[in-house]
Amino acid sequence: MGRRQSIEIPGVNHGSTPIPQGAKLGRIVFSSAIAGADPKTGKIPEKPERQVQLAFENVRRFMEICGGTTEDIGRVTVYLEEERYRDLVNTEWVKMFPDPNSRPARHSIVTRLRNGAIVQLELIAVLDSDEGLKTAP
């Protein structure tokens, strides 16, 4: 195995495209865009609230697979289909990062998203160790 490890979230991957959900290089983790897909169905729900909840749940699963936690996240980029979804993201953001003195850097971009997505999250994290990936929970 090479130095870089590809990361997949079961049920939330990019389908038949050759793009992993993320990559781990030593202790540094980079994600691709993590959408609010339901891992049980692989589909993106129509309700915006549920999509945003699932996007944050998928980030949590991603970090567990990497061998870390959301406390290891240093930066998040939020892609929004429309500005009006920002409050939904902020609600889940505060749930995931309740301490205002310990939140990752964040930048939001409003842009066209595919397949019915209204939000996608990208992150960069630094783990405590460079152990291999965990089995998906």
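## A charge over a ring

A charge sits over a ring if NZ of Lys or CZ of Arg is within 6 Å of the ring centre and within 35 degrees of the ring normal. In this predicted model, the charged end of Arg106 sits over the ring of Trp93, 4.8 Å from its centre.

Local features need pLDDT of at least 70, side-chain atom pairs count only at pLDDT 80 or more, and totals for chains, interfaces and linings use all residues. Side-chain values use heavy atoms, without hydrogens and water, and residues are numbered from 1 along each chain as its sequence is written.

## Overall fold

The C-alpha atoms fill a box of roughly 40 × 40 × 25 Å along the principal axes.

## Helix packing

Helix H1 covers residues 48-66 and helix H2 residues 86-96. Their axes (lines fitted to C-alpha atoms over the stretch in contact) come within 9 Å and cross at roughly 35 degrees, on a scale from 0 to 180 degrees between N-to-C directions.

Contact means heavy atoms within 4.5 Å. Residues of H1 including Phe56 and Arg60 meet residues of H2, among them Trp93 and Met96.

Definitions and conventions. Helices (H or I, at least four residues) and strands (E, at least two) are DSSP runs, numbered from the N terminus.
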